[in-house]
Amino acid sequence: MPTVLGSLRRLALTPSPASVGFSQRRFPGASSPAAGHLEAIPRAVVCGFEWAIDARDLWEIERRLELADPPLRGFAYEGATMALTVRDAMGPGRGNRTRELLSGRGGLRHIFLNYIGVGFAMARLPRMLWGKVLPAVSGSPYHPVMSWLAVDGYGFDRAYFDTRRWVDRQYRPAPHPWQGSPEYFRRAADQGVGRALWFIHGARPDHVAAAVGRFAGDRHGDLWSGVGLAAVFAGGASPADLAALRRAAGAYAGELAQGAVFAAKARDHSGTVPAHTHAAVTALAGVGVEKASALADECAVPPSESGRVPAYETWRRNVRIRLQ
């Protein structure tokens, strides 16, 4: 049973399922055939948040998360991580609840999406608290290199909930020294904005491509990478749409494919790979899920070998080179 304080947190902080719907947000993709499929994803995030914001312990949170349908369970973990990150950042200590969740068996399976959940929390916390949001995660070879996905999650959240500013006006956030690389912060955030464009425009390739094209040219590569990740992980596109998306990416087909490979890796690591992931990664990257997952691991480098460029970006570049 939740505590009184937990119930108050839930009432004050939990968004309603309706508030994340495409019609409520006035997204142009609200009339898309893929809207219903895509809307289930932010609603799963809301469920995960609600389950964790007032829970007494990790056992309770994990049992609730197991109730989510397997293809949506990672998104529920995103919401739960977001809730625990907010609770940790606003209290004493650093990341105790979040660390327990991310280091557990389920948390490790969904580690990539959990980082995104940290980014969702960052979007609701003052920057002065961001130094408390990333816990050390034991048992994962992807920590801390892939923690840049938290910044990706931050960019996605802002584009989704502040669309007029972040998408229509192409706002760029101030740099932040995440993992000691403030100059890369904006690029990682743009990767999240690209993912959001897939949702905002209802997985319609021509609309998504037009939206990317309205941004400054130096941002297109990161935006297309985010589009590829969303198309493969979230789904929503037909085979014809996927072919059109690859054509629309043009010179940025390599970035689109890199995002596709990362999404396939994340799905494979979670243990649940929907049919749309198999179809999309093959269409966008020319490889199957197993090969994409292996390729992602082969291209990773430890931070000590990346030099001034974040190891995360070196990994992304290596994937693009190998796909060529």
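What follows is a short chat about a predicted model of a protein.

Visitor: What kind of model is this, and how many helices and strands does the protein have?
Guide: The model is predicted. The protein has 18 helices and zero strands.

Visitor: What is the radius of gyration, and what does the globule rule give for 324 residues?
Guide: The radius of gyration is 18 Å.

Visitor: What does the C-alpha trace span along the principal axes?
Guide: About 55 × 45 × 35 Å.

Visitor: How much of the protein is buried?
Guide: Buried residues make up 57% of the 324.

Visitor: And the accessible surface, what does that come to?
Guide: About 13100 Å². Carbon and sulfur atoms account for 54% of that surface.

Visitor: Contacts next. Of those between residues at least 6 apart in sequence, how many join residues at least 24 apart?
Guide: That share is 73%.

Visitor: Let's zoom in. Where is helix 11, and what should it span?
Guide: Helix 11 covers residues 185-200, 16 residues in total. At 1.5 Å a residue it should span 22 Å. Its end C-alpha atoms are 23 Å apart, which agrees.

Visitor: Is helix 11 enclosed by the rest of the structure or exposed, and why?
Guide: Of its 16 residues, 14 are buried, so helix 11 is largely enclosed by the rest of the structure.

Visitor: What comes just after helix 11?
Guide: Glycine 202 does, with a positive phi of about 60 degrees. Alanine 203 also has a positive phi, about 65 degrees, although it is not a glycine. Alanine 203 sits in the loop between helix 11 and helix 12 (205-213).

Visitor: Is alanine 203 buried or exposed?
Guide: Buried, at 2% relative accessibility.

Visitor: Which other residue has a positive phi although it is not a glycine?
Guide: Arginine 26, at about 60 degrees. Arginine 26 lies in the loop between helix 2 (22-25) and helix 3. At 76% relative accessibility, arginine 26 counts as exposed.

Visitor: Then helix 3. How many residues, and what does it reach?
Guide: Helix 3 (residues 35-53) has 19 residues. From first C-alpha to last it reaches 27 Å, close to the 27 Å expected at 1.5 Å a residue.

Visitor: Which residues of helix 3 are buried?
Guide: Among them are Ala35, Leu38, Ile41, Val45, Phe49 and Ile53. Glu39 and Pro42 are buried too.

Visitor: Switching topic. Where is threonine 163?
Guide: In helix 10 (residues 163-168). Threonine 163 is buried, with a relative accessible area of 15%.

Visitor: What is threonine 163 in contact with, leaving aside neighbours within four places in sequence?
Guide: Phe27, Arg158, Asp168 and Ile200.

Visitor: How far is threonine 163 from alanine 196?
Guide: They are 33 residues apart in sequence. In space they are 9.3 Å apart, C-alpha to C-alpha.

Visitor: Last one. Which residues does a cis peptide bond join?
Guide: Histidine 143 and proline 144, with omega about 5 degrees. Proline 144 is in the loop between helix 8 (111-122) and helix 9 (148-161).

Terms used: Residues numbered from 1 in each chain as written. Predicted model: local features only at pLDDT ≥ 70, side-chain atom pairs only at ≥ 80, totals over all residues. Heavy atoms only, no water. Helix = DSSP H or I, 4+ residues; strand = E, 2+ residues; numbered from the N terminus. Rg over C-alpha atoms; globule rule 2.2 N^0.38 Å. Buried < 20%, exposed > 50% of the residue type's maximum accessible area, 1.4 Å probe, protein only. Contact = heavy atoms within 4.5 Å. Areas by Shrake-Rupley, 256 points an atom, 1.4 Å probe, with all protein chains shown as cover. Expected span 1.5 Å × (residues − 1).
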